[in-house]
Amino acid sequence: MSEPSTAEKVKVHFVPVGSAPIMKKNKFQIGADMRFSSVHAFLRKMLKLQGDSLFLYLSSAFCPGPEELVGDLNECFSKRGELVIHYSLQEAWG
């Protein structure tokens, strides 16, 4: 029987684009097994957004699907050991 392992964490760096509000703290540890939709919900809560649109981008180019796992995205797109996610209140890329 294997021992339960501690959930792996991914360092996420949020970068505002355009008129998006700037957060005082912009780096967080998020579980690698979390879905990207959870990251979206987390950021909406941190920015205190109610009905406003929020767009999230990786590599300043594309928006991952809500079912993508943060760990998988980190393996493919991390830079300098962190997953950089740009956020905007209106469409910025693609």
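Helices (H or I, at least four residues) and strands (E, at least two) are DSSP runs, numbered from the N terminus. The model described here is predicted, so that local features need a pLDDT of at least 70 and side-chain atom pairs count only at pLDDT 80 or more, whereas totals for chains, interfaces and linings use all residues. Residues are numbered from 1 along each chain as its sequence is written, and side-chain values use heavy atoms, with hydrogens and water left out.

Two residues were examined for their backbone angles. Most residues other than glycine have a negative phi. Ser59, which is not a glycine, has a positive phi near 55°. This serine is found in the loop between β3 and α2. Ser59 counts as partly exposed because its relative accessibility is 37%; in this scheme, buried means under 20% relative accessible area, exposed means over 50%, and partly exposed lies in between (1.4 Å probe, protein chains only). Lys48 likewise is not a glycine and has a positive phi of about 55°. The place of Lys48 is in the loop between α1 (36-47) and β3 (55-58). With a relative accessibility of 71%, Lys48 counts as exposed.

Charged pairs were considered next. Side chains of opposite charge can pair when their charged atoms come close. A salt bridge is defined as a side-chain nitrogen of Lys or Arg within 4 Å of a carboxyl oxygen of Asp or Glu, and by this rule the count comes to 2 salt bridges. One of them joins Glu82 to Lys27, with the closest N and O atoms 3.5 Å apart. Glu82 lies in the loop between α2 and β4 and Lys27 lies in strand β2 (residues 27-31), so the pair ties together parts that are 55 residues apart in sequence. Glu82 counts as buried, at 7% relative accessibility, whereas Lys27 counts as partly exposed, at 37%.

A salt bridge is also formed by Arg35 and Glu67, whose closest N and O atoms are 3.3 Å apart. This pair links distant parts of the chain: Arg35 is in the loop between β2 and α1, Glu67 is in the loop between β3 and α2, and the two are 32 residues apart. Arg35 is partly exposed, having a relative accessible area of 36%, while Glu67 counts as exposed at 53% relative accessibility.

Patches are made of residues with over 30% relative accessible area and no salt bridge, like charges being joined within 9 Å and nonpolar side chains (Val, Leu, Ile, Met, Phe, Trp, Tyr) within 5 Å. Accessible areas come from the Shrake-Rupley method with a 1.4 Å probe, and for residues only the protein chains shown count as cover. Lys and Arg count as positive and Asp and Glu as negative, while His and the chain ends are not counted. The place of a charge is taken as NZ of Lys, CZ of Arg, CG of Asp or CD of Glu. A negative surface patch is formed by Glu8, Glu68, Asp72 and Glu75. Of these residues, Asp72 lies in helix α2 (residues 70-77) and counts as partly exposed, at 40% relative accessibility.

The structure holds 0 disulfides. The sulfur of Cys63 is 16 Å from the closest cysteine sulfur, which belongs to Cys76, and this is too far for a bond. Cys76 is accordingly in no disulfide, the nearest cysteine sulfur being that of Cys63. Cys63 counts as partly exposed at 49% relative accessibility, and Cys76 counts as exposed at 58%.

Ser88 lies in strand β4 (residues 83-88) and counts as buried, with 2% relative accessibility. Ser88 and Ser53 are 35 residues apart in sequence, and their C-alpha atoms are 8.3 Å apart in space. His86 is also found in strand β4 and is buried, with a relative accessible area of 15%. The C-alpha atoms of His86 and Lys45 are separated by 16 Å, the two residues being 41 residues apart along the chain. Ala41 lies in helix α1 and is partly exposed, with a relative accessible area of 45%. Between Ala41 and Leu73, which are 32 residues apart along the chain, the C-alpha atoms are separated by 17 Å.

Notes. Disulfide = S-S within 2.5 Å.
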